[in-house]
Amino acid sequence: MSAAHYAVHDSVAVITLDNPPMNTLAHVMREAVLAHFQTALAAANVKAIVLIGSGRAFCSGAEVREFNTPKAAAAPNTRELLAAIDASPKPVVAAIHGFALGGGFELALACHHRVAKEDALVGLPEVKLGILPGAGGTQRLPRAIGVERGLEMILAGSQVPAQQLAGTPAIDSTIPGDLQEGAIAYANKIQGQPLRRLRDLVPTVANAETFFAAARAKAAKESKGFPAPLKIIDAVEASVKLPFDEGIKAEREGFMLLVETTASKALRHAFFAERQAAKIPDIADDVTQADIRSIAIVGAGTMGGGIAMCFANVGMPVKLLDMTTEALDRGLAIIRKNYAATVQRGRLSQAEMDHRVALIRPVSQYADIADVDLVIEAVYERMDVKKAVFAQLDAAVKSSAILATNTSTLDVDELAGSTKHPSRVIGTHFFSPANVMRLLEIVRGKQTSKTALATLMSVAKRIKKVGVVARVCDGFIGNRMVEEYLRQAYFLAEEGALPQQVDQALEDWGMAMGPFRMMDLAGQDIGFEIRKRRRAEDPARQIYPAWLDRVCALGRYGQKTGAGIYRYEPGSRGATPDPLIDQLVIDYSKEIGLARKAVSDGEIVERCIFALVNEAAQILDEGIALRASDIDIAYLTGYGFPLYHGGPTFYADTVGLAKVVATMERYAKGRNGQFWKPAPYLAKLAAAGQRFNS
Ligand code: NAD
């Protein structure tokens with residue numbers, strides 16, 4: 001079966017792209033289109049050519065499955081196909097429906113005219129993968145819609161309804177009725193007119209020098225760590241300053257350079273990792289899923305409220321249960337306050353806020369939630385409290401409902417074991433603020449049913465979260481790893497780096513928030529409780545410096561008490577370093593007989609990040625995470641890990657695992673060296689010259 005079809009309607013040849021589901025520019029498609037195109041050129045009766053897509057879209061761009069395979073560059077490559085179309089002596093009209101994105105939009109721009117359904121989406125999203133449109137997009141789009149608008153669209157990687165570009169040479173006309181009929185009529189109308197190629201238009205911009213300088217300054221500030229935006233500006237500037245063919249060359253050079261950057265590889269890794277995370281090897285597509293229409297949340301605190309918002313945000317009704325009316329009122333007041341802030345920022349209408357709030361119904365009896373399909377428990381982090389709640393759920397809620405716990409650290413298997421139907425119990429670990437953070441760790445207990453797991457993965461998608469499957473252990477994937485990261489931060493502080501230096505070094509490296517600011521946000525008391533428990537469980541391994549406990553002993557729990565490691569002015573989240581804490585840390589070092597020394601920013605980053613990497617390897621070895629890329633997705637979407645470093649395991653791959661291990665072995669000889677023994681799995685990969693992500 002060919003990936004494109006050919007038909008002639010009077011004097012118009014129609015070439016239909018047919019490479020389901022998205023008509024990507026796969027090699028078979030490029031070959032078929034070019035062959036039909038040559039037939040059309042050779043046919044004396046054909047005066048014009050229409051290019052149209054079948055199925056859901058005109059063309060969604062490059063075929064990702066061919067990335068890094070010989071097929072990607074096999075003749076005709078996309079640029080050769082587009083050059084042939086552009087050079088056609090017969091007019092070519094692209095007829096766009098669904099979407100024309102990336103190479104698909106570039107294909108349309110290489111045609112002489114474009115007609116589209118009003119709601120068709122067009123765009124050049126390459127920047128999101130750290131590259132630039134490499135098939136003429138940076139040269140043709142500015143010629144079609146103006147330099148300013150063109151650059152803005154390419155830098156944003158946005159998808160724009162064709163209607164918005166109608167009347168510019170980018171979209172000559174929108175077609176209200178049948179697209180193919182409309183396109184043929186349009187092709188008939190333009191026959192005999194001189195050919196109009198976008199390459200022949202002159203891209204103009206007032207005060208080019210000032211315009212591009214301002215664009216560069218803005219991009220440098222807003223896209224730190226990502227080289228693509230600056231290269232895109234270079235390419236668009238070339239469209240203004242150079243003849244078309246030289247502009248194309250400049251675009252190509254920029255593309256080739258970007259494709260090889262770590263930032264672009266990291267973005268592509270993240271793109272695939274996110275899709276991969278949804279796949280669970282032993283859960284086939286035909287596993288029965290429960291139909292989730294109604295949800296109850298138990299516990300209307302910080303997390304319960306945020307989780308309720310996640311469901312209300314996508315139009316799903318939620319019942320919110322707490323012990324007292326006061327707790328419910330407080331929870332609902334916070335939900336309203338959060339929504340009102342979004343309304344104030346102009347990102348939500350008052351009507352939509354009212355609708356969402358109305359979807360959240362406070363209830364006070366378990367009998368009120370008897371008929372829901374899914375319960376998410378978010379009560380205090382104590383096993384006895386949670387067991388008591390699950391006993392009530394067991395008794396009151398229909399047996400087909402799934403029961404989920406939002407515990408951060410407790411044993412999901414133990415909790416499930418205390419219920420009548422452990423197979424319906426699962427962990428759903430949201431991240432704070434639950435209505436904002438994209439990560440949802442889905443904890444698969446020993447007895448969790450496939451139905452419960454498959455259902456929760458779908459629920460994650462419905463509420464716009466990235467579901468990452470974890471097995472049961474203390475801290476699951478994310479928090480178990482963060483433990484080792486924080487431990488290094490504590491040690492660094494007592495050895496010589498003040499907390500603000502540790503935070504600054506990691507933030508300069510790209511972390512959204514340094515470890516001490518992060519702890520102040522989460523609440524120092526939470527970490528304190530966990531340290532107490534872990535010290536009791538495993539005194540030999542669970543070593544933490546006591547200076548942090550002293551911060552807690554002062555009642556400094558972080559943002560919520562106005563002071564933690566930093567000070568916070570009332571109503572502000574801005575962290576101000578506090579000389580009192582600096583002195584506390586310095587005194588502590590003295591007390592334990594440790595001579596403070598200067599610590600470099602490089603050492604701070606190396607120790608904190610490599611600590612994450614080592615624990616990641618251990619987690620993979622134990623089967624807590626399914627794959628290295630799942631760990632990266634968890635860190636990118638839940639812990640503010642910089643996208644341009646691709647996640648802990650991707651970053652370690654770019655450093656080289658042998659070098660990572662050698663560095664760990666060096667630290668193993670130093671203070672607290674017991675934490676630097678390379679995980680056996682990491683040592684094995686490094687010795688074999690392998691990577692986490694092959
Ligand atoms: P919170 O103290 O803000 O809220 C707990 C709520 O549960 C309170 O409203 C309380 O009245 C209610 N509650 C307690 N016992 C109850 C019972 N028997 N029946 C009904 N309601 C009851 O706590 P939180 O920060 O929202 O944490 C809740 C859970 O989420 C914990 O397991 C915690 O470990 C987990 N978690 C917290 C965070 C975070 O950053 N805060 C992140 C991820 C997971």
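In strand β4, Val 92, Ala 94 and Ile 96 point one way, Val 93 and Ala 95 point the other way, and all of them are buried. This arrangement can be set beside a general rule: in a regular strand the side chains alternate between the two faces of the sheet. The strand spans residues 92–96 and is mostly covered, with five of its five residues buried. The structure described here is a predicted model.

Strand β4 has partners in β3 and β6. Strand β3 (residues 48–53) pairs with β4 in the parallel sense over four bridges. In this pairing Leu 51 stands opposite Ala 94 of β4. Strand β6 (residues 113–116) also runs parallel to β4, and four bridges join the two. Here Ile 96 has Ala 116 in β6 as its bridge partner.

**The ligand and its surroundings**

The ligand is surrounded by 22 residues, of which the closest are Met 303, Asp 322, Glu 381, Lys 386 and Ser 408.

| Residue | Part of the residue | Distance to a ligand oxygen atom |
|---|---|---|
| Gly 301 | backbone N or O atom | 3.4 Å |
| Thr 302 | polar backbone atom | 3.0 Å |
| Asn 406 | polar side-chain atom | 2.9 Å |

Taken alone, the ligand exposes 830 Å², and the protein buries 82% of that area. The elements that contribute two or more residues to the shell around the ligand are α13 (302–312), α16 (383–396) and β15 (425–430). Helix α16 provides the largest share of this shell, namely three residues.

**Aromatic rings**

A search of the whole structure finds 13 aromatic pairs. In the pair formed by Trp 509 and Phe 641, the ring centres are 5.4 Å apart and the planes stand at 85°, so the pair is edge-to-face. Trp 509 belongs to helix α20 (residues 499–509), while Phe 641 lies in the loop between α26 (628–638) and α27 (648–655); the pair therefore ties together parts that are 132 residues apart in sequence. Both Trp 509 and Phe 641 are buried.

The rings of Tyr 635 and Tyr 639 show another geometry: their centres are 4.2 Å apart and their planes meet at 15°, so this pair is stacked. Tyr 635 counts as buried because its relative accessibility is 1%, and Tyr 639 counts as buried because its relative accessibility is 9%.

The charged end of Arg 275 sits over the ring of Phe 271, at 3.8 Å from the ring centre. Arg 487 lies over the face of Tyr 544, with 4.9 Å to the centre of that ring.

**A buried glutamate**

Glu 483 has its place in helix α19 (residues 478–495). Is this residue buried or exposed? With a relative accessibility of 12%, Glu 483 falls under the 20% limit and therefore counts as buried. Between Glu 483 and Ala 396 there are 87 residues of separation in sequence and 37 Å in space, taken from C-alpha to C-alpha.

Notes: Residues numbered from 1 in each chain as written. Predicted model: local features only at pLDDT ≥ 70, side-chain atom pairs only at ≥ 80, totals over all residues. Heavy atoms only, no water. Phe/Tyr/Trp six-rings, centres within 6.5 Å; stacked < 30°, edge-to-face > 60°. Buried < 20%, exposed > 50% of the residue type's maximum accessible area, 1.4 Å probe, protein only. Lys NZ or Arg CZ within 6 Å of the ring centre and 35° of its normal. Pairing = 2+ DSSP bridges. Near = heavy atom within 4 Å. Polar contact = N/O pair within 3.5 Å; in protein donor to acceptor, adjacent residues only side chain to side chain. Areas by Shrake-Rupley, 256 points an atom, 1.4 Å probe, with all protein chains shown as cover.
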